[in-house]
Structures are given as C-alpha cells and as structure tokens.
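Student: I would like to learn how to read a few features from a set of coordinates. Could we take them one at a time?

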Amino acid sequence: MLSIEEIRRRAEAWLAPEFNEDIRREVREMLEKDEKKLIDAFYQDLEFGTGGLRGIMGAGTNRMNIYTLGMATQGLSNYIIKQCGTNGISVAIAHDCRNNSRLFAESAAEIFTANGFRVYLFESLRPTPELSFAIRHYKCQSGVVITASHNPPEYNGYKAYWNDGGQVISPHDEGIIEEVRSIKSISEIKFRGRKELIEIIGKETDDLFLKEVRKMCLNPEIIKKFSDIGIVYTPIHGTGWKLVPEALKLFGFKNIISVAEQNTPDGNFPTVKSPNPEEAGALKMAIEKAIATNADLVMATDPDADRLGIACRNKKGDFILLNGNQTCVLLVYYIITQYRELKKIKGNEYIIKTIVTTDLMDRIAGRNNIECFNVLTGFKFFAGLIRELEGKKKYIGGGEESYGFLPGEYVRDKDSVASCALVAEIAAWAKSRNKTLYDLLIDIYLEYGLYKEKLINIVRKGAEGAGEIKAMMKGFRDNPPSLINNSKVVKINDYENLVSTDCITGKNTAIDLTRSDVLQFFLEDGSKISVRPSGTEPKIKFYFSVNTKLASVDRYEETERILDQRIQGIINDMKLI
C-alpha cells in the first residue's frame, strides 16, 4: 500500500492544467478536507481486467472518469493498430442509462477517431446485446459498451469486445491489458477526435437487431391463440425500456403492461435500492402492477438489458420469483421440446452452460441427444466456443445461473431482449396446456429430477480481505475435505491446475479449459459445491447444488424442504455461516 505522502503526490499531479476544472476541484477538496476519500481515490490504479473497467465514478486513478477511461481506450486502440493496422478500422460504441454514460461514450468515440478509426456511435442508450449485434453487422474490429451492469448508482464501467461481437478473450485480453498498463501519462491519450469519422446509428440498427430477435420465435401459432396474456415488464430505469416491448409486440403479444414509474431512464435508479433483477426488491413494483392488472407474467431487465428476472404465479395464484437456474432450465427445455416437435433436430445441436450453473441443463440435453458444453463463468467463453464451432455444430441456446441467457447466434453476449420474448412465448405455450411457468417447472422436475441451488457470497474488503480469500482457496487446495455433510467427496475439479481428481481411484484427468481460480467438490449423494473468488468484487462465492427424484406433484414442497435442509447441512459442515 502506498504511503499517504505518495498518495498525496499522485493526487497533486491531477491538479495540472491538462485535467479539466471539475476534476481539479474535486481533487483539491479531497486534499484539503477528506483524507479517507483521497486514499480510496488514489491508492491504486483502476485495474483494466479481462472484462474491462468497473469502478466508482469520480476524480482519481482508482475511479471511473474520462482520464482512466481514456487510458483504457488508448490502450485498446494501440492494440487494435498492432493487430489490424489503421486502414478501414471501425468500432461500435453503446452505453446504458447511468450517470456520465453518454459523456464516457462520446469521450471514447473521440479517442478512437483521433487514432483514425471509424466509429458507429448509438444516438442514445441501447442494450448491451445490440452492441454485440452492431459489431457483427457493421463488420467492426472491436467495440465497447459503457455500463456497470447492476452495480449501485455511483458505479460505471467499460466492457471491450472483439470482432465476433463477444467480450475479448485470450490472447486479445492479455494483449489489451498489456497495452493499457503501458500508458503511464494522460499525455499519451489522443483526445482530439475527428467528428467526420463518427456515424450516429439508431432506429435502422434497432430494426435490423429486432428482425433477428423475431427469428427466435418457435411457435407463432400458440402466440396467436394466447396473444392477450398479461405481461408486466419493467426496465428498472434502464436500456430495455424500448426494445423489449417492441420485441414482445413483434412476437405477437398485445397485452404488455408497463411500470410507468420505472420506464424513464435514470442513472440514480430512484425506485429501487438496487437495479438488480436477481433481487426481489427490484421486481416489487412490477409484481404489484401484475396483481392490480391480473397479469400472468412479470419480467425485469437490468440497466444494460443483458440479464432478466422473472416472476410467475404458483398454484395458489401468488407471484413467486424464479432464479437464474430455473429460467435457464425453462428456456432450454422449451427450445429442445420445440426443436423436437418441429423435427428441426439434425444431430449436431448443442447448448452451453457454465460450470456453476445447474446440472439439470446437462441432464435435459443428454436425454434429448443434445450436446451440452460446460464453460467457465462469463459469456465471453460462450462467444469463444460458438466461434470455434461455427459451421460445425448448431448452437440453440445457453445460459448461466446469474440470470443471463443467449437464444441465438446473431449476438455473442447475454441477450435479455430475445430472452424476454421467448419467456413470454413459453408462458403462452404453458397456458395452452392449462399450466403456468411454475407448473411447467414442476413437470420438468418430475421428468428429470428436482435440482435446488443456492449461492452464498462472503465479502472480504481491502488488501487484508483479498489475502483472506487467497488463504481460503489455498486451504481448500492443500487440505481438501474428504467428507461433507456425511457424504464422501468422490471427485474434485481444480480449474487453476486444470486437473480433475477421482477421489476413489486417485486417477487424475486433464480439464480442457482456460485456467481459473475455481474449485468444485462432487459428493457421493449427488451434491456439488463450487468455490470461486469474484473477479469484479471483494468476495468469494460458494455455489451449492443438490438434487433428488421428485415422486409426485403433491410432494414438491416437501421434497424441496428436504433439499434445503441438505444445503444448510453442507453450509453448517463447511462452517461458512
């Protein structure tokens, strides 16, 4: 950690004339009045990681501002030039609803054009999946989206993409990081842009994107019969406010109900504590609207509209929230069912999931002779695999437990626009059979087994916390448990060392994935525990998955309680709470 004298010297450098007056004023105030804030803002550089930048907005080397963003953009530009030269280079830029997002998007556009690149800049906020689509449609070499996803209002971020429309992966991620780190001064940033190289894009790109979304519809006849099902949708002040309702209309749905208070884009997210569709509070107003209007389905998307949350009615008619695993299961089950009924299965179809997403997806795919690939956490790995298998196999869908799903190949990142429309189609299909999404889930559990998952985040902030997290991972590796909750550990997957160990025979098998600091413990009773430090937040994540046979619909709640108890037994045995 830097001394306070070194931190003050770093801060004083930001009083130079090349920094704008707003930044200089904020730095002076910290120097004079707020040492703690000063330390937080300057004790380190905001790290450009494999996914780009994400941080609190404000002045400082450890903050999101036009200068830290500028270094990232100049580094990305330098890498593109080394890889592709300067002739004919183009990039696409999109941004979400967050405070300063437009400023950051325009600043990035200026820097790219100063480096001689053509820039396709969206006229206003747009969903992340449309940025991915635009990169592919306009044949760009790269692209960026300004977003901090579902983080609190004080955050913003910067995600970098490559020419396939996916977030950058190896070797490009390491190359870009190296170029960004090599920039030591803002004097190296080319801020003087060329406006003639900026092309503003909008409705014409929306229409092309939505045309591809419309192709994801699998059963238009069912939608015609149940086009009036009540669908409450909220963008939670984010970028989905326009395109998700448009997609639903294109599919044929007519009864789309908005939450007026949350339809206005607003980076302060005034109606929620967190704009995260994983959290119940984010869907509260939408569920209240659904109750008032007697709607069938509730859907919400996060600020950059790449993830979705769902609520549906249970057997009592009450709205319950589905988790990301359940949403993935419904989508995969429906897609495979429709492919089979439409005789579209040719034998080369596959789905993708992450290693921490429910194994129920593997089971559904396996029984239907569909290949299921498991990748590391992050949709950039989905994009990489789709690119690798393009022309050889047919991707039909995939998702992750953190509320992201991708139903088509025209986008190479999570796509809540198409996913919302497809979930509504599933609801219509279920209604045609006098069922709800909840009933459909139980049908799936009856056929394939009841799977239950739980995630625990253990937060450890600061340098000391980072050390604790490293020590926890080292402890699990050096002294792995042999028994958890009275069930033998039969297999351990270590993705850092890329070794899978059969604990019964002692045999080691290589894991064919990129290295990642993840451990998985498989138990004799079918339980699975995954341990993974977060790549973007000061926390370590524990994923628990248990399963058993569901004997009948009437025993669903009882069986679910048994699985809850098993998860709690694992948590208690591992002394996590």
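Tutor: Start with burial: a residue counts as buried when its relative accessible area is under 20% and as exposed when it is over 50%, with partly exposed in between. Keep in mind that this is a predicted model.

Student: Which residues of helix 6 are buried?

Tutor: Helix 6 spans residues 128-137, and eight of its 10 residues are buried. They are Thr-128, Pro-129, Glu-130, Leu-131, Ser-132, Phe-133, Ala-134 and Ile-135. After helix 6 comes Lys-139, which has a positive phi near 55°.

Student: Why is helix 15 described as largely enclosed?

Tutor: Helix 15 covers residues 379-389, and eight of these 11 residues are buried, so the rest of the structure largely encloses it. The buried set consists of Phe-379, Lys-380, Phe-382, Ala-383, Gly-384, Leu-385, Ile-386 and Leu-389.

Student: Where is a positive phi found in a residue that is not a glycine?

Tutor: Phe-269 is one of these, with a phi of about 45°. Phe-269 sits in the loop between helix 11 (260-263) and helix 12, and its relative accessibility of 2% makes it buried. Lys-575 is another non-glycine with positive phi, about 55°. Lys-575 belongs to the segment after helix 19 (556-573) and is exposed, at 70% relative accessible area.

Student: Next, packed helices. How should I describe a pair?

Tutor: Two packed helices are described by the distance between their axes and the angle between those axes. Here, the axes of helix 1 (residues 4-12) and helix 3 (residues 35-42) come within 10 Å and cross at roughly 75°. Helix 1 is therefore roughly perpendicular to helix 3. On the helix 1 side, the contact is made by Ile-4, Ile-7, Arg-8, Arg-10 and Ala-11. Helix 3 contributes Glu-35, Leu-38, Ile-39 and Phe-42.

Student: How many salt bridges does the structure hold?

Tutor: The general idea is that side chains of opposite charge can pair when their charged atoms come close. The structure holds 43 salt bridges. One of them joins Arg-102 to Glu-106, with the closest N and O atoms 3.1 Å apart. Arg-102 and Glu-106 are four residues apart in helix 5 (residues 101-114), so about one helical turn separates them. Arg-102 is partly exposed at 23%, and Glu-106 is partly exposed at 37%.

Student: What separates Glu-288 and Lys-284 in helix 12?

Tutor: About one helical turn, because they are four residues apart in helix 12 (residues 284-293). Glu-288 is partly exposed, with a relative accessible area of 42%.

Student: Which buried charged residue has no salt bridge?

Tutor: Asp-415 is such a case: the nearest side chain of opposite charge, Arg-412, is 11 Å away. Asp-415 lies in the loop between strand 15 and helix 16 (416-432). The side chain of Asp-415 makes a polar contact of 3.0 Å with that of Tyr-410 and reaches the backbone nitrogen of Ala-418 at 3.3 Å. Beyond four places in sequence, Asp-415 touches residues including Pro-129, Phe-209, Asp-306 and Phe-405.

Student: Which peptide bond is cis?

Tutor: The bond joining Ser-170 and Pro-171 is cis, with omega about 5°. Pro-171 is in the loop between strand 5 (155-162) and helix 7.

How values were computed: Residues numbered from 1 in each chain as written. Predicted model: local features only at pLDDT ≥ 70, side-chain atom pairs only at ≥ 80, totals over all residues. Heavy atoms only, no water. Buried < 20%, exposed > 50% of the residue type's maximum accessible area, 1.4 Å probe, protein only. Helix = DSSP H or I, 4+ residues; strand = E, 2+ residues; numbered from the N terminus. Lys, Arg positive; Asp, Glu negative; His and termini not counted. Salt bridge = Lys/Arg side-chain N within 4 Å of Asp/Glu carboxyl O. Polar contact = N/O pair within 3.5 Å; in protein donor to acceptor, adjacent residues only side chain to side chain. Contact = heavy atoms within 4.5 Å. Axes fitted to C-alpha atoms, helices over the stretch in contact; angles between N-to-C directions. Parallel < 35°, antiparallel > 145°, perpendicular 65-115°, else oblique.
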